[in-house]
Amino acid sequence: MKRVLVIDDDGGVRESFRAALEDAGYQVSTAENGVSGIESAQAERPDLVFLDLKMPGLSGVDTLKQLQDTCPRTPVYVVTGFYGEFIAPLRELQSRGVDFNLARKPLTATEIKAIAAGRIGMVGPLPVGGDGWTTVPSVHS
Amino acid sequence: MDDRPVGALMIRLRLYVTGRTVSAERARLALRDLERRLAHTTGESTIHCEVIDVLDDPEAAERDKIFATPTLLRLGPGVQPRVFGDFSATDKVIGALKLDTKSVTLAATA
């Protein structure tokens, strides 16, 4: 069973991710802040992490750094607007070798499923996108 | 001077990545493999590839409605087919972007 961890301080967002991913057959755990997110990641060793950047307490950027240290092989999708205050710290992180990809907020359920399928492989049916996009599921998970 | 064969279709691909992370480099490599494969079947002069780093050009990602990296899209009029996921699966990427020889030939002669 493929496991996905969602770290976001917004309860509605966590539940949207949970609904989409469980519908696609993934096992989902959630965390409402960076500290509990890192604890969950260490305990459960998820196959994929979705991480919000804008969180109180331990920032999303610092959470990402610690996730890279504790679970270096776990792919992380940073979910954020593509603009704004996080571009500079994200650039600094990637220049230090922190591996992550970006996903644009807000994500639809289909897009969430596509990211999971593309990154860690499918469990359920292939997500079908609109606007001409196709998911090619990972075979390397 | 345009040295493409008469009737040849220009294939324009745009890859969106996040920086020079391991994932981004993997996607870049996959694009190069795809380009080599397409050049073999359609000719080098028909293919133009570009890579955009979302951290450098977030506006371009917004214009192209990119929801996550890496995403590979084929530019052109109308709906632009795009692929998200495992680009090492070259045959599937070619199919999804309608880059198989039959589709390209049909488009060139339309």
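Which residue in β4(A) is the bridge partner of Leu51(A)?

First, some housekeeping. This is a predicted model, where local features need pLDDT of at least 70, side-chain atom pairs count only at pLDDT 80 or more, and totals for chains, interfaces and linings use all residues. Residues are numbered from 1 along each chain as its sequence is written, while chains are lettered from A and ligands numbered from 1 in the order in which they are written.

Let's start with chain A. It has 5 helices and 6 strands; helices here are DSSP runs of H or I with at least four residues, strands are runs of E with at least two, and both are numbered from the N terminus. Along the sequence the pattern reads β-α-β-α-β-α-β-α-β-α-β. Of the 141 residues in chain A, 48% are buried. A residue is buried if 20 or more other C-beta atoms lie within 10 Å of its own, exposed if 12 or fewer, and partly exposed in between, with C-beta atoms placed from the backbone.

Now look at strand β3 of chain A, residues 48-52, where 5 of 5 residues are buried. In a regular strand the side chains alternate between the two faces of the sheet. In β3(A), Leu48(A), Phe50(A) and Asp52(A) are buried on one side, and Val49(A) and Leu51(A) are buried on the other.

What does β3(A) pair with? Strand β1 of chain A, residues 3-7, runs parallel to β3(A) and is joined to it by 4 bridges; two strands pair if DSSP finds at least two bridges between them. Here Leu5(A) stands opposite Val49(A). Strand β4 of chain A, residues 76-80, is also parallel to β3(A), again with 4 bridges. And here is the answer to my opening question: the partner of Leu51(A) in β4(A) is Val78(A). To get from β3(A) to β4(A), the chain passes through helix α3, residues 60-70, in a right-handed β-α-β crossover. Right-handed means that, with the strands pointing away from you, the path from the first strand over the helix to the second runs clockwise.

On to the helices. The axes of α2(A), residues 34-44, and α3(A) come within 10 Å and cross at roughly 15°. Axes are lines fitted to C-alpha atoms, for helices over the stretch in contact, and angles run from 0 to 180 degrees between N-to-C directions. So α2(A) is roughly parallel to α3(A). For α1(A), residues 11-23, and α5(A), residues 109-120, the axes come within 9 Å and cross at roughly 60°. That makes this pair oblique; angles under 35 degrees count as roughly parallel, over 145 as roughly antiparallel, 65 to 115 as roughly perpendicular and the rest as oblique. Among the residues that meet here are Phe17(A) in α1(A) and Ile112(A) in α5(A).

Finally, chain B. It has 4 helices and 4 strands, running β-α-β-α-β-β-α-α from the N terminus. Of its 110 residues, 35% count as buried. Where do the chains touch? 29 residues of chain A are in contact with 29 residues of chain B, and contact means C-beta atoms, placed from the backbone, within 7 Å. On the chain A side, α5(A) gives the largest share, 5 residues.

How values were computed
Two residues are in contact if their C-beta atoms, placed from the backbone, lie within 7 Å.
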